[in-house]
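Work through the exercises below with the model open beside you. Try each task before you read its solution.

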Amino acid sequence: MKLAYWPGCVSRGFTPELHGSMAKVAPKLDLELVELDRANCCGAGVIAEHNQELVDSLNARTFALAQQVEGAMGMMNICSTCQGAQSECQERLDADSAYRRHVNGHLEPEGLSYEHDGAWWNKNFLWLLVEDIGLDKLRSRVERPLHGLKVAPFYGCYVVRPTTRLGYDHYPERGQYLEMVISAIGAEPVDYAGRHKCCGFPVITMNKATSLRQAGRHLADAIDADADCLVTPCPLCHLNLDMQQPDASKYVERDLNVPVLHFPQLIGLALGLEPKELGMDKHVVKTRDVQRKVADLAAA
Amino acid sequence: MAEFALKVRRYDPESGEAAYWEEFDVDLPPERSVLDGILKYKDEEDASLAIRCSCRAAICGSCGVKINGQSALACNTRISDAAEKAKDGAIVVEPMGNMPVLKDLIVDMDAVHWKKIQRVVPWLLPEGDPPEREYIVPAESMIDVTQSMACIQCGACVSACLSMEVDPDFIGPAALAKAYRFVGDPRDAHTEERLADLAEDPHGIYDCTHCFACIEVCPKGVDPMNQIMRLRRHATADHEIKDGNNGYGHEKAFVDIIEKWGTLHEAQVLPRSYGEGSMLKGQTDPKAVKQLAGSLSTVVHALRSGKVTPRKALLHHKLPDQDQVRRIYHEIESKDERLELNMYIVGEGDAGLGEDEGEQADKEPAMGETGADQ
């Protein structure tokens, strides 16, 4: 399956292990990823709170570049925030043809144009895996079923709400996909309060207490529900849940120390890739215990 | 008729007992509401069950509760839909969140919701003598505030707010949506003071994490978070209010970085945010330096884990076509007025209907123009 691929900024910035693990996982699932290396930042909700016309134009540019990739089924991203921010712009662009023409006017000098044909899509790898690759195919490719590994899913707001914008009418189970995938690869999904809640990252520079109390509380809830690790399809959530975890621990006044995996890393482990290839040594909270469990599985 | 199982959270402060769950079944036609189910039980089995309600038609905003964990109006939720979403067979009904419970399904709206509404000065503050007759404003100037005027004060957004869950002092989605109703009103003469007040408050507009929870639950399509984002656009892009919470700095930092590089240069976000958008100020201003020092432990963790290298922190690649991004940026930023597509009034457009360029082609885009001097 050929796809226009938007990796986002953070996966090539502060969470390089995400971009790297996706690159390893793609061929294992017969994905041919054509990276949109000329595309720009999605705005992450911040440009949208500055100027909507600007963020809509910038994302229309990305969509137009993706639509130029010949033979691509659609566009794939690996970041909940990119998904939500881009879906928001796409919703406005698709809602009104006069507005769309206006925005496309900004792309005209380079001969670019976002076409709304009703069929083109932009999907997070999580959605693509369940809807287009399919759990049966995933199961058939599993080389190392992760039996006994308890994984707490953390979705990231931008792929959860608002459901009307995010295609939940067509795909009502999108809010369950992480649990479905975790089960498909043999691991055990952990039920806890935080799964659909906010990591707090967007206000980390503005209100650290509000931000890290959220991250800390969800991590603590996952630990109390006996999770070995969390998994998230959002690198921004990963920054607050992993990179900021030592600080978050102070805000909730308890020890945390629970590893947080990127979604492709978890898939990669099940597909037989080694933790090191998946960049699992590049986390702030050490992934040793997960690695040990996985190694024991291989031996067994 | 069908039988529906309900599981309701009960609490009576006068009994001295802790809150508990009560399960019961009701027979109702499937098109009736969760409220109908509760009232039927109250009517026929236990009159002591407390719930606030009045119009039963999603107009009065009294019967906000949590149904299967989701904040909603009990009168506006079909009992059969709720039963379909019930995890363990029974429809779970609880009092709303983020507010103290008075009895059973009744929460103290005065202590939280109404107090916060009062906080934002929810009345018009015009200047000068009132006109002899009514104030006359151009119809299009009200497009922008119609959405926040649709609020029925049910408190569902307050109940769902994830920031308020950890910061009870957060002004919150309902009150901030109400604030926008006056900030966006051309008759109000204190726009800038209102914005400065909400920007400077540590629990104001910059305490919202954009989690969309309020948008998801609002029964009236007010989209409170979108109103908070409108307040931010007015405060930063239009009025350039440099607040003590780094709201202005963070937005300016982010947008400037994209103008310069096209993708996010993360290592520069913090110093620029703390320096009101300026890299130099972020590294020299004592207040900014103090904040940077507070982030030092995170930086050390990031460097030690190897996910961030000094090279990556210092250097950032420009996009191959960065001149395109820059051209688009300047084309739009140089306009006197911002353009916004108001989805509250567009919505129906050609979304989901495939191509119907013909019908729409001659229509003007339904855009509101929002300028700094409104």
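## Exercise 1: a helix and its surroundings

In helix 11 of chain B, 13 of the 15 residues are buried, so this helix is largely enclosed by the rest of the structure. Buried means under 20% relative accessible area, exposed over 50%, and partly exposed in between (1.4 Å probe, protein chains only). Helices (H or I, at least four residues) and strands (E, at least two) are DSSP runs, numbered from the N terminus.

The model is predicted: local features need pLDDT of at least 70, side-chain atom pairs count only at pLDDT 80 or more, and totals for chains, interfaces and linings use all residues. Residues are numbered from 1 along each chain as its sequence is written, chains are lettered from A and ligands numbered from 1 in the order in which they are written, and side-chain values use heavy atoms, with hydrogens and water left out.

**Task.** Find the span of helix 11 of chain B and inspect both of its ends.

**Solution.**
- Step 1. Helix 11 covers residues 247-261 of chain B. From first C-alpha to last it reaches 21 Å, close to the 21 Å expected at 1.5 Å a residue. The expected span is 1.5 Å times one less than the number of residues.
- Step 2. B:Asn246 lies in the loop between helix 10 (224-238) and helix 11. Its phi is positive, about 70 degrees, although B:Asn246 is not a glycine. B:Asn246 counts as buried because its relative accessibility is 5%.
- Step 3. Just after the helix comes B:Gly262, with a positive phi of about 90 degrees.

## Exercise 2: a buried glycine

**Task.** Locate A:Gly43 and list what it touches, not counting residues up to four places away in sequence.

**Solution.**
- Step 1. A:Gly43 sits in the loop between strand 2 (32-35) and helix 2 (52-67) of chain A.
- Step 2. Its relative accessibility is 0%, so A:Gly43 counts as buried.
- Step 3. A:Gly43 touches A:Val55 and B:Phe254. Contact means heavy atoms within 4.5 Å.
- Step 4. Eleven residues along the chain separate A:Gly43 and A:Leu54, and their C-alpha atoms are 9.4 Å apart.

## Exercise 3: a serine in a helix

**Task.** Is B:Ser80 buried or exposed? Which residues is it in contact with, leaving aside neighbours within four places in sequence?

**Solution.**
- Step 1. B:Ser80 belongs to helix 2 (residues 79-85) of chain B.
- Step 2. B:Ser80 counts as buried, because its relative accessibility is 18%.
- Step 3. The contacts of B:Ser80 are B:Phe4 and B:Pro30.
- Step 4. A polar atom of the B:Ser80 side chain lies 2.8 Å from the backbone oxygen of B:Pro30.
- Step 5. Now turn to helix 1 (residues 34-44) of chain B, whose buried residues include B:Val34, B:Leu35 and B:Tyr41. The buried residues of helix 1 pack against helix 2, among other elements including strand 1 (2-10) and strand 5 (91-94).

## Exercise 4: backbone details in chain A

**Task.** Examine the peptide bond from A:Arg161 to A:Pro162, then the phi of A:Glu253.

**Solution.**
- Step 1. The bond from A:Arg161 to A:Pro162 is cis, with omega near -15 degrees.
- Step 2. A:Pro162 is in the loop between strand 5 (150-153) and helix 7 (177-184) of chain A.
- Step 3. A:Glu253 has a positive phi near 50 degrees, and this residue is not a glycine.
- Step 4. A:Glu253 lies in the loop between helix 10 (245-251) and strand 8 (260-262) of chain A. At 73% relative accessibility, A:Glu253 counts as exposed.

Methods. A polar contact is a pair of N or O atoms within 3.5 Å; within protein, one must be able to donate a hydrogen and the other to accept it, and residues adjacent in sequence count only if both atoms are side-chain atoms.
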